[in-house]
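Try each task yourself before you look at the worked solution.

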Amino acid sequence: MVASQIYIMILIAVLIVLALVAFVMRMNKKVKPLTPLTSVAFIFIFMGIIFNDSNRWLTYSLFGVGIILAILDIIMRKK
């Protein structure tokens with residue numbers, strides 16, 4: 001496997017774990033609308049998908065920022 005494929009597989013695995021955590025949290029409580037931080041995280045991840053062909057460092061940076069924001073939002077909502 002090429003290194004870029006491994007990074008993409010890791011990102012997909014992290015996104016699946018985040019989706020499962022969000023799903024479990026959603027089952028335990030009433031459905032809440034997306035927070036602004038979650039919306040920004042989705043925008044960064046979506047922009048990473050859009051800019052996939054232009055620059056690798058830009059794509060992975062956007063994915064990384066989106067994942068970090070999503071994790072921060074989960075931590076902040078947990079408290």
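**Exercise 1.** Which residues make a nonpolar surface patch of about 360 Å²?

Before you start, note that this is a predicted model: local features need pLDDT of at least 70, side-chain atom pairs count only at pLDDT 80 or more, and totals for chains, interfaces and linings use all residues. Residues are numbered from 1 along each chain as its sequence is written, and side-chain values use heavy atoms, with hydrogens and water left out.

*Solution.* 
- Step 1: Recall the rule. Patch members have over 30% relative accessible area and no salt bridge, and nonpolar side chains (Val, Leu, Ile, Met, Phe, Trp, Tyr) are joined within 5 Å, like charges within 9 Å. Areas come from the Shrake-Rupley method with a 1.4 Å probe, and for residues only the protein chains shown count as cover.
- Step 2: Name the members. The patch is formed by Ile 8, Ile 12, Ile 16 and Leu 20.
- Step 3: Check two of them. Ile 8 is in helix α1 (residues 3-28), and Leu 20 is in helix α1 too. Ile 8 is partly exposed at 34% relative accessibility, while Leu 20 is exposed at 51%. Here buried means under 20% relative accessible area, exposed over 50%, and partly exposed in between.

**Exercise 2.** How many helices and strands does the protein have?

*Solution.* 
- Step 1: Count them. There are 3 helices and 0 strands, in the order α-α-α from the N terminus.

**Exercise 3.** At roughly what angle do the axes of α2 and α3 cross?

*Solution.* 
- Step 1: Find the angle. The axes of α2 (residues 36-50) and α3 cross at roughly 160° and come within 8 Å. Such axes are lines fitted to C-alpha atoms over the stretch in contact, with angles from 0 to 180 degrees between N-to-C directions.
- Step 2: Classify it. α2 and α3 are therefore roughly antiparallel, a word used for angles over 145 degrees.

**Exercise 4.** Which side chains meet in a salt bridge?

*Solution.* 
- Step 1: Apply the cut-off: a side-chain nitrogen of Lys or Arg within 4 Å of a carboxyl oxygen of Asp or Glu.
- Step 2: Search the whole structure, which gives 1 salt bridge. Its partners are Asp 73 and Arg 77, at 3.8 Å from N to O.
- Step 3: Asp 73 is buried at 5% relative accessibility, whereas Arg 77 is partly exposed at 34%.

Definitions and conventions. Buried means under 20% relative accessible area, exposed over 50%, partly exposed in between (1.4 Å probe, protein chains only). Helices (H or I, at least four residues) and strands (E, at least two) are DSSP runs, numbered from the N terminus. Angles under 35 degrees count as roughly parallel, over 145 as roughly antiparallel, 65 to 115 as roughly perpendicular and the rest as oblique.
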